[in-house]
Amino acid sequence: MPDSYVSKTQKSRELYERAKELLPAGVSYAIRYFEPYPFYTARAEGSKLYDIDGNEYIDFWLGHTALILGHSPPAVVEAVKKQLENGTHYGTSHKLEIELAEQIVKMVPSAEMVRFTSSGTEANMYAIRLARAYTGRNKIAKFEGGWHGGYDALHIGVKYPFDIPESAGLTTGALQDTLVLPFGDLEGVRERLKHQEVASITIETALGAGGGISTKKGFLKGLRELCDEMGIMLIFDEVITGFRLAAGGGQQYYGVTPDITVLGKILGGGFPIGAFCARREIMKRIDTLLYERPHFSFHGGTFTANPISMTAGLTTLKLLEDGQLIDKLNRVGEKIRDQLRKIFEANSVDAQVTGVGSLFNTHFTKEKVNNARAASKADKSKQVDYHLNLIANGVFFLPTHTGALSTALSQADIEKLLLETEKYAKQSKAT
Ligand SMILES: Cc1ncc(COP(=O)(O)O)c(C=O)c1O
């Protein structure tokens, strides 16, 4: 990290010293830590974060990619203020949960019925439960590099080398029941699934944490056919891509419809949320009026469908529904990827810029990056160094993670990203 970061973040340094005593690694989520210590945000507005020392950062992390409209968009703030006066959490049925479910069904091609959760992890967990209940099968499958949250059954094969458990505390049963599939390789998938009975295959339509790597329409289509042939539920984890790649998410963008869709992030309009949705026939397995124990698939939770997340989400989706903001953002994404590639090339820096729509990432390698395995071969320390340099100069990415765009970004914000990248590329060329 450049020295300038330390000299201008002294209040953050002091807070980090306090945090270290209380929060393991000083943070509430390991990925939020970066060296020498993270800055502490005091407030956020539009395209920017402001730390407690008064520094400004253009935000390309956007609350884990959730804030497609930027920080505190006025329409969402207005809706939330109104709801705050009517209650923050009911624990009873209310109209907003129906309205948001209707909005999802209108926008997401695979959705006929919906259930809400409080996070994407939970939504993935209940989607797997549902797939197992519906098919009567135990095993499940996911892809190398796919990140679906910390649920045991899916917290497997996330980081290279993919055969090392991602965490202590995962049971042998969980490790044995989840097959890890090669991303983008249909023949490899077929081979791995031979003689196996799996309930579901979970895939991100574009790898988010795994490197900002797009799938290909042909691959998703092939996967769809394979699932139909083998009686497997195809689950799209659209926690990042939902309402980002298109109004109907990755399934609309790539033109392939899954059986079950998992949503989160953008859906909450800046508040905690998750959801899973599917055809009526599948979702009915959750209906306790139709199925009794042990035949129904349980789902629930204290804060599910809390009215604050519902109203913030509904307001957000209405703004995204016609796809215009999203299409515009996708065009900006295309331009940024193109410009970044040109900058690295002009300065003879070996780098691959990946991404799709309004997601992008940089991998410092000569080789093409089309899966998480290839991404893992890139020079991670350079990627961190690049992003730390950007942070020190007021452009925020989590150092090893994929960046995202919000509609709050100005032309000047984008130019600053390109300018700081150019400065970094020139400096790397010189050393
Ligand atoms: C694709 C994907 N699925 C699931 C999750 C888990 O969501 P949450 O962090 O809300 O539990 C994430 C979070 O980053 C994600 O990127």
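How far from an oxygen atom of the ligand does a backbone N or O atom of glycine 120 lie? The distance is 2.9 Å, in a predicted model whose local features need pLDDT of at least 70, whose side-chain atom pairs count only at pLDDT 80 or more, and whose totals for chains, interfaces and linings use all residues. Residues are numbered from 1 along each chain as its sequence is written, and side-chain values use heavy atoms, with hydrogens and water left out.

## Ligand site

The residues around the ligand (those with a heavy atom within 4 Å of it) are Ser119, Gly120, Thr121, Asn124, Trp147, His148, Gly149, Glu204, Asp237, Val239, Ile240 and Lys265. Helix H6, residues 120-135, provides the largest share of this shell, with 3 residues; helices (H or I, at least four residues) and strands (E, at least two) are DSSP runs, numbered from the N terminus. By class, the shell has 3 nonpolar, 6 polar and 3 charged residues, where Ala, Val, Leu, Ile, Met, Phe, Trp, Tyr, Cys and Pro count as nonpolar, Asp, Glu, Lys and Arg as charged, and the others, Gly among them, as polar.

## Second largest pocket

The second largest pocket has a volume of about 570 Å³, and of the 28 residues that line this pocket, Glu97, Val114, Arg115, Phe116 and His299 are the closest to its centre. On a 1 Å grid over the protein atoms alone, a pocket is an open set of points with protein on both sides within 12 Å along at least five of seven lines, whereas a cavity is a set where a 1.4 Å probe fits but cannot get out; lining residues have an atom within 4 Å of a point. Grid points are joined across faces, edges and corners, and a volume is the space filled by probe spheres set on the points.

Helix H5 (95-107) and strand E4 (113-117) each supply at least two residues of this pocket's lining, with H5 giving the most, 5 residues. The lining divides into 12 nonpolar, 11 polar and 5 charged residues.

## Cavity

The structure holds 1 cavity of 30 Å³ or more, and the largest cavity has a volume of about 70 Å³. Its lining includes Ala66, Leu67, Ile68, Ile266 and Thr316, and by class has 7 nonpolar, 4 polar and no charged residues.

## An open sheet

An open sheet with mixed pairing is formed by 4 strands in the order E1-E2-E3-E15, two strands being paired if DSSP finds at least two bridges between them. Strand E1 (41-45) and strand E15 (395-396) stand at the edges with a single partner strand each, so one side of each is left without a neighbour in the sheet. Strand E2 (residues 48-51) and strand E3 (residues 56-59) pair in the antiparallel sense over 3 bridges, and tyrosine 50 stands opposite glutamate 56 in E3.

## Backbone geometry

A cis peptide bond with omega of about -5° joins glutamate 35 and proline 36, and proline 36 lies in the loop between helix H2 (10-22) and E1. Arginine 293 and proline 294 are also joined by a cis peptide bond, with omega of about 5°; proline 294 is found in the loop between helix H11 (280-283) and helix H12 (307-320). Histidine 64, although not a glycine, has a positive phi of about 65°, and this histidine 64 is found in helix H3 (residues 62-65).

Terms used: Polar contact = N/O pair within 3.5 Å; in protein donor to acceptor, adjacent residues only side chain to side chain.
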